[in-house]
Amino acid sequence: MVLLMGLWFTVVIFLLGIPRDDCAQIIGGRESVPHSRPFMAKITGSELCGGTLIESNWVLTAAHCKITDRTEVILGIHSEKDSTKQVFRVKRNIPHPCYDSVTRENDIKLLQLDKEAKLNKNVVIVKWAHGDLKEGTQCLVAGWGVNESESTIPSEVLREVDVTVIARSTCNDREHYYHLHRVTMNMVCAGDKKGGKDACAGDSGGPLICKGKQRAIVSFGRNCGESQYPGVYTLLTHKYSNWIKSVIQGSL
């Protein structure tokens with residue numbers, strides 16, 4: 001009996017401690033209007049991630065997204081059934097040189113595709129900007145992760161949810177909020193103070209869109225959609241902007 005109680009306690013602690021990366025979901029959102037987010041990239045293989053097309057043969061995503069020789073990058077789709085999709089392999093996988101898998105600092109990566117995308121109404125280059133985001137800024141996050149907290153099946157269609165930027169001081173307040181990692185100046189929090197609106201691991205690498213431009217990348221969090229665990233995103237800073245430009249220009 002003591003052994004069983006000990007095992008039960010261990011399982012409970014494990015479940016309570018699961019980071020948000022282990023539940024892939026857009027929480028509290030809606031299906032996107034088909035092809036209304038033509039800059040989105042779906043990254044499939046050993047795991048599901050999102051990304052954005054920033055040049056005709058470059059995709060921006062999160063450094064923690066695993067890339068293998070089986071990985072495919074798919075553009076121009078709302079669902080897998082779409083005849084408009086374009087499928088690519090990864091030619092070069094370039095995580096930020098200072099990415100820290102423990103702190104999640106510099107969780108940003110570039111993927112060079114094996115060929116150039118054919119740009120059209122269903123495949124476009126994302127508009128993006130760097131700089132900090134003010135508390136209360138209204139944004140949107142999208143992805144193909146599962147949409148029910150108890151499901152393990154990814155969404156067949158692109159989904160999105162509206163989120164609000166939350167101050168770093170609020171996210172780092174350990175009396176009311178808790179994250180495994182400190183939210184630094186290279187990160188931004190977004191969600192809903194009442195909970196119920198969030199993104200998770202299957203949406204990792206996808207964009208945080210504010211006023212029509214990408215401003216951040218889905219990075220980490222805990223317990224999808226709970227009010228005390230707002231999502232944390234890699235903020236597109238001036239430093240990251242220079243790094244992106246140097247990588248792309250250096251490949252020419």
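The numbered points below go from the whole chain to a sheet, a helix and a single residue.

1. The structure is a predicted model. Its protein chain contains three helices and 14 strands. Of the 252 residues in the chain, 52% count as buried. The accessible surface of the chain comes to about 12200 Å², and carbon and sulfur atoms account for 55% of this area.

2. Contacts along the sequence. Among contacts in the protein chain between residues at least 6 apart in sequence, 72% join residues at least 24 apart.

3. The sheet. Seven strands make up an open sheet, in the order S6-S5-S2-S3-S4-S8-S7, with antiparallel pairing. Strand S6 (86-88) and strand S7 (90-95) each have a single partner strand and stand at the edges, so one side of each is left without a neighbour in the sheet. On average, neighbouring strands of this sheet are turned by 30° against each other, direction ignored.

4. Strand S3 (residues 49-55) and strand S4 (residues 58-61) run antiparallel and are joined by three bridges. Within this pair, Thr52 has Leu60 of S4 as its bridge partner. Helix H3 (residues 238-250) packs on the sheet, where it touches S3, S4, S7 and strand S8 (109-113). The direction of H3 makes about 25° with that of S8.

5. Helix H3. How far does H3 reach from its first C-alpha to its last? Helix H3 has 13 residues and spans 18 Å, close to the 18 Å expected at 1.5 Å a residue. The residues Tyr240, Ser241, Trp243, Ile244, Val247 and Ile248 of H3 are buried. These residues lie on the same side of H3, because they cover an arc of only 165° around the axis. In general, residues three or four places apart in an α-helix point the same way, because there are 3.6 residues a turn. On the other side of H3, Gln249 and Gly250 are exposed. The cover over the buried residues of H3 includes S3, S4, S7, S8 and strand S14 (231-235).

6. Residue Gln138. This residue lies in strand S9 (residues 138-143). Which residues does Gln138 touch, not counting those up to four places away in sequence? They are Val163, Thr164, Cys210 and Lys211. Gln138 and Val165 are 27 residues apart in sequence, and their C-alpha atoms are 6.6 Å apart in space.

Key:
Residues numbered from 1 in each chain as written. Predicted model: local features only at pLDDT ≥ 70, side-chain atom pairs only at ≥ 80, totals over all residues. Heavy atoms only, no water. Pairing = 2+ DSSP bridges. Helix = DSSP H or I, 4+ residues; strand = E, 2+ residues; numbered from the N terminus. Axes fitted to C-alpha atoms, helices over the stretch in contact; angles between N-to-C directions. Contact = heavy atoms within 4.5 Å. Buried < 20%, exposed > 50% of the residue type's maximum accessible area, 1.4 Å probe, protein only. Areas by Shrake-Rupley, 256 points an atom, 1.4 Å probe, with all protein chains shown as cover. Expected span 1.5 Å × (residues − 1). Arc of directions from axis to C-beta.
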